[in-house]
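Dear colleague,

I am passing on the structure below, together with notes on what was found in it. Please read the notes with the structure open beside you.

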Amino acid sequence: MLACNFGKLEEEISLVNNSKAQWFHIDVMDGIFVPNISFGTPIMKIFQQKAEKPLDVHLMIVNPENYIQKFADLGSEIITVHIEASTHLHRNIQKIKSLGIKAGVALNPHTPVSSLSSIINDIDLVCLMSVNPGFGGQKFIENTFDKVAELRNLIINSGSSALIEIDGGVNEDNSNKLFDLGANVLVAGSTVFKSKNPTNTISKLISG
Ligand code: ZN
């Protein structure tokens, strides 16, 4: 939703409600972990009230442990924290799960998939950043394809049921390949909201 028009947020939410998209992906940025500030809990409250699909909340913030409870109270179905922002990642995951919420871990482009090997069985989702987090509209980083394949192997070999989510630069040129390699969830912002017909773009991204 980072790429939507916040001046008409309710219309944008209703567009997604009426599309084939399955989740709302909500990027929370603090201006410290990433260069930009996006929005905080007042906007999240509007998603909670108006969105009719699960809220997939991606915390691009330092000290995410201080905000897990707050975003849980605001209707998150999935909360994803960054491995690079979590000194005590296992504790953060347990905290999210203790609130009855699915726990995700996000990796920046430079962070190897192998860094998840000790935690992969404890998490519900891995978010692979396919751009450097902090801005919408960036170009897809090609080595993400190899990371998806590697992550899929890790998940299969460990018996984990974690979903693979790709976040950044997803478009109609790479979506099929990502699904073929094992991605389960594609996040699309600018590709959808800057297109002439966002509803059709969502359908195309899903069906290939
Ligand atoms: Zn995100």
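Along the sequence, the residues that donate to the zinc ion follow the spacing H-x1-D-x30-H-x108-D. Histidine 58 belongs to strand S2 and aspartate 167 to strand S6, so this pair ties together parts that are 109 residues apart in sequence; helices (H or I, at least four residues) and strands (E, at least two) are DSSP runs, numbered from the N terminus. Please keep in mind that this is a predicted model, in which local features need pLDDT of at least 70 and side-chain atom pairs count only at pLDDT 80 or more, while totals for chains, interfaces and linings use all residues. Residues are numbered from 1 along each chain as its sequence is written, and side-chain values use heavy atoms, with hydrogens and water left out.

The protein donors of the zinc ion are His25 (NE2), Asp27 (OD), His58 (ND1) and Asp167 (OD), at 1.9 to 2.2 Å from it; a donor is an N, O or S atom within 2.8 Å of the metal (3.2 Å for Na, K and Ca), and because water is not among the atoms, sites may look incomplete. The four donor atoms subtend angles of 92 to 159° around the zinc ion, which makes the arrangement irregular. Histidine 58 and aspartate 167 are both buried, where buried means under 20% relative accessible area, exposed over 50%, and partly exposed in between (1.4 Å probe, protein chains only).

In helix H8 (198-207), the residues Pro198, Thr201, Ile202, Ser203 and Leu205 are buried. The buried residues of H8 pack against helix H1 (9-17), helix H6 (175-181) and H7, contact meaning heavy atoms within 4.5 Å.

The loop between strand S2 (55-60) and helix H3 (68-73) holds valine 62, which is partly exposed at 28% relative accessibility. Leaving aside residues up to four places away in sequence, valine 62 touches Asp30, Ile32, Phe33 and Ala85. The C-alpha atoms of valine 62 and valine 34 are 9.0 Å apart, with the two residues 28 residues apart along the chain. Asparagine 63 is also placed in the loop between S2 and H3, and has a positive phi of about 50° although it is not a glycine.

With best wishes

Technical notes:
Tetrahedral: all angles 85-135°; square planar, octahedral: opposite > 155°, others 65-115°.
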